Amino acid sequence: MSLSLINATLFIGDGRVLEPGYVEVDQDRIVKVGRGSPGKKKGEVMDLGGLVLCPGFIDCHVHLCFDGGPDPERAALGKSLPALTLAAAAHAGQTLLAGVTTVRDMGGPEGIVQGIREAVALGIVQGPRILASGRMICMTGGHGWHLGGLEADGPDSVRKAVREQLKAGADWIKLMATGGVMTPRSQPGATQLTEEELRAGVEEARKAGRRTAVHAQGETGTLNSLRAGVDTIEHGVFLTQEAVEMMKARGRALVPTLSAPHNILGHADQGVPREAVEKTRRVVKIHLASLELAREAGVLIGAGTDAGTPFNRHGRNLAEIVRLAENGFGALEALKSATHDAARVLGLEDRIGLLAPGYEADLVALAGDPLSRIGTLEEAGAVRLVIRSGKVIRDRRAG
Ligand SMILES: [Zn+2]
């Protein structure tokens, strides 16, 4: 099937804007991108009436298994595996409808997310392209242990845990280098898996051609992770000049997940566990200062929501772009962090995240001129058209 999308403002993904412009799609690929209007149009023509057309958005950090309610931990522990699986499928559908065509899931119980990935690929349920990390790997009693985390102690044990996740079909490996906000009695700054343990995990992942993401909030855990060779730092709450310079020099990326603290503090008195609120309050300022430090050092930064954490609902993923824009990025750079830069974070920059010939036909049309007023992304009805791999998922062009 060929499709021409005409009369749009194009956000290319790398920061460039073409206005007016058009995109031509054949099957699941973009075949042509241009300024003005196409000459002879083939196949179906969709007039976008001046909407902003972007590459499908990428969320580098979600938890499809967790519900984004006030206390996702309690909600997850109260559900059977089949119920959790169905909930994850529903969350995948909500995510896609919001214009997110690719997600990297950063951990959940058992092989649920790999199952959702399979069901999406088979067309059984609707969802974004999913990169699954399977179960998070943590030390005994470490961050995430009670949320399906796989406990491992010592380099050999971590090696085995990584091998088990690879066997279970993980696309990425998620390691826990520090404590965090959501695990009771775990402190965000506390060091957890050691450098040797992390190194063993990274080595096993690399042998299989897989990358590693690390939950790293405290300073020592972050430096341990970087020395061990991990590919992405998740959260990066306490970053130092040494850490950001190491990230820049080694080409490591940061996924700051601003939506997580924003939503915890924004709904502090609405049933979020008190301990999580207090821990978040203590670190929120330093987290934003760390982001600034990384940005100034030129570290690659990808948008990721941590969707599934308190009041961080699936389907509201574009809010992260607004958070980044509010914290020094501005609209174009924030949009880039959720398209081309996010694709680079995931190692998929040759395939997704740009409006360019040969790329996947993942396309999202937005109303309300987000290029000059980014807050519009949080408004209901902002996402007017969603196309994933050439297939129209949502079409509300008329509003
Ligand atoms: Zn997370």
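Trainee: How many bridges pair strand S7 with S8, and in which sense do they run?
Mentor: Four bridges, in the parallel sense, with S7 covering residues 100–105. Strands here are DSSP runs of E, at least two residues, and helices are runs of H or I, at least four, numbered from the N terminus. Two strands pair if DSSP finds at least two bridges between them. One caution: this is a predicted model, where local features need pLDDT of at least 70, side-chain atom pairs count only at pLDDT 80 or more, and totals for chains, interfaces and linings use all residues. Residues are numbered from 1 along each chain as its sequence is written, and side-chain values use heavy atoms, leaving out hydrogens and water.

Trainee: Which residue of S8 is opposite Arg104?
Mentor: That's Leu131.

Trainee: What's the strand order in the sheet?
Mentor: S6-S7-S8, three strands in an open sheet with parallel pairing. S6 (57–62) and S8 (129–132) are the edges; each has a single partner strand, so one side of each has no neighbour in the sheet.

Trainee: Switching topic, which residues coordinate the zinc ion?
Mentor: His61 (NE2), His63 (NE2) and Asp306 (OD), at 2.1 to 2.2 Å. Donors are N, O and S atoms within 2.8 Å of the metal (3.2 Å for Na, K and Ca), and water is not among the atoms, so sites may look incomplete. Their sequence spacing is H-x1-H-x242-D.

Trainee: Is His61 buried or exposed?
Mentor: Buried, at 0% relative accessible area. The cut-offs are under 20% for buried, over 50% for exposed and partly exposed in between, with a 1.4 Å probe and protein chains only. His63 is buried too, at 7%.
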